[in-house]
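Please consider the structure shown below together with its sequence. The explanation that follows is meant to be read with both in view.

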Amino acid sequence: MIVTANAKINVTLDITGIRDDGFHTLRSVMVPITLSDELSLEQNDRLTFECNIASLCTDDNLCIRAAKAFFDAIGQSPCVSIRLTKRIPFPAGLGGGSSDAAAVLKGLNRLYSNPLSDEKLFSIAATLGSDVPFCLLDKPALCEGRGEILAPLDGLKSMHVVIAIGDGRLSTPAVYREYDANNLPVRDDTDRLLSAIGSDDIYAVASTFGNAFEPVTDILCPETAALRSLLINNGAITAHLSGSGPSVYGIFADAETASNAAKTIQNVGFSAFVCKTVD
Ligand code: C5P
């Protein structure tokens with residue numbers, strides 16, 4: 001069985017507080033994009049995992065943890081061959097690992113004729129990571145709590161996107177820590193987007209996009225700020241960090257401008273991927 005695992009972007013990401021367990025509460029509109037990994041799942045007498053990227057073939061890969069959690073929940077010992085073809089850059093803030101884990105849960109449930117309810121799958125997903133439930137949903141959604149409380153959103157039309165990423169790295173816990181240290185005001189991008197959704201004016205909708213981490217990540221990894229400027233200077237309507245970075249996304253009015261921008265960014269020596277948001 002072949003399962004596709006879409007990446008995601010956070011078109012808004014507002015941090016609303018911090019919980020006793022150290023996790024932050026957020027309000028974020030997340031959207032799947034057509035940049036994806038592919039997983040092949042086949043029944044086997046034991047659990048095996050292969051990946052086209054050798055450094056990802058570790059025992060704690062989220063795909064393995066997802067498979068173990070699935071078999072645990074159905075009361076069987078893990079017995080599946082997983083082959084992952086990785087195309088989503090990582091670590092990037094694009095939810096690639098989370099999406100792979102969600103695809104394993106979804107695929108295994110199908111392979112075994114749906115022994116687990118959606119509710120059970122979502123609760124397993126939340127134990128694997130904050131973004132895994134969203135990746136399981138695979139539709140635009142308002143994400144709250146630590147990211148796992150989902151409200152699907154209609155009316156966010158498909159948009160042309162360029163994902164750009166350089167060589168700089170950002171650690172998610174470090175970005176949250178630095179955000180806390182800076183005492184930044186809470187942003188209202190998500191509320192403004194929720195009011196604009198449904199409008200045919202892509203400029204009005206995209207003007208609400210934003211990411212609360214940018215004042216921090218622009219300093220921790222200046223390349224992310226440079227990439228946002230590069231996207232804007234090459235025709236993006238807006239450009240922001242995705243998740244805790246270091247990838248950035250640009251929104252474009254048409255495919256040709258997006259493709260030209262991606263080529264320019266590649267010519268400067270960065271990685272760039274043209275894709276669309278999933279509506
Ligand atoms: O859940 P996930 O594995 O994505 O979280 C990675 C790290 O990011 C956490 O250990 C925590 O430091 C930070 N985080 C957070 N609040 C969230 C999500 C992640 O503080 N809502």
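This is a predicted model: local features need pLDDT of at least 70, side-chain atom pairs count only at pLDDT 80 or more; totals for chains, interfaces and linings use all residues.

Which residues of α10 are buried? They are A258, A261, A262 and I265. Viewed down the axis of α10, these buried residues fall within an arc of 100°, and they therefore line one face of the helix. On the face of α10 turned away from the buried side, the exposed residues are E256 and N267.

The two ends of α10 can be described in turn. At the start of the helix, a side-chain oxygen of D254 comes to within 3.1 Å of the backbone nitrogen of E256. Just after the helix, G269 adopts a positive phi of about 110°.

What covers the buried residues of α10? The covering elements include the strands β7 (160–165), β9 (248–252) and β10 (271–276), together with helix α9 (222–233). Helix α9 contains L231, and with a relative accessible area of 0%, under the 20% limit, this residue counts as buried. L231 and A261 are 30 residues apart in sequence, while their C-alpha atoms are 6.7 Å apart in space. Beyond the neighbours within four places in sequence, the contacts of L231 are V162, A164, A236, A239, V248, Y249, G250, F252 and I265.

A residue of another kind is S77, which is placed in the loop between α1 and β4 (80–85). Its relative accessible area is 56%, over the 50% limit, and S77 is therefore exposed. S77 and E223 are 146 residues apart in sequence and 45 Å apart in space, C-alpha to C-alpha.

The discussion now turns to empty space. Rolling a probe the size of a water molecule over the atoms shows where such space is left. How many cavities of 30 Å³ or more does the count give? The count comes to 1 cavity, and the volume of the largest cavity is about 30 Å³. Its lining consists of T4, A5, N6, S99, A102, A103, K106, C135 and D138. The elements that give two or more residues to this lining are β1 (2–18) and α2 (96–111), with α2 providing the largest share, 4 residues.

The largest pocket has a volume of about 970 Å³. It is lined by 43 residues, and those lying nearest its centre are S98, S130, D131, T172 and S244. At least two lining residues of this pocket come from each of β1, β2 (24–43), α1 (62–74), α2 and α5 (172–182).

Among the residues nearest the centre of the pocket is S98, which belongs to helix α2. Is S98 buried or exposed? Its relative accessibility is 13%, so S98 counts as buried. Leaving aside neighbours within four places in sequence, S98 is in contact with L62, D131, V132 and C135. Of these partners, D131 also lies among the residues nearest the centre of the largest pocket, and C135 is one of the residues that line the largest cavity.

Technical notes. Residues are numbered from 1 along each chain as its sequence is written. Side-chain values use heavy atoms; hydrogens and water are left out. Buried means under 20% relative accessible area, exposed over 50%, partly exposed in between (1.4 Å probe, protein chains only). The arc is that of the directions from the helix axis to the C-beta atoms. Contact means heavy atoms within 4.5 Å. A polar contact is a pair of N or O atoms within 3.5 Å; within protein, one must be able to donate a hydrogen and the other to accept it, and residues adjacent in sequence count only if both atoms are side-chain atoms. On a 1 Å grid over the protein atoms alone, a cavity is a set of points where a 1.4 Å probe fits but cannot get out, and a pocket is an open set with protein on both sides within 12 Å along at least five of seven lines; lining residues have an atom within 4 Å of a point. Grid points are joined across faces, edges and corners, and a volume is the space filled by probe spheres set on the points.
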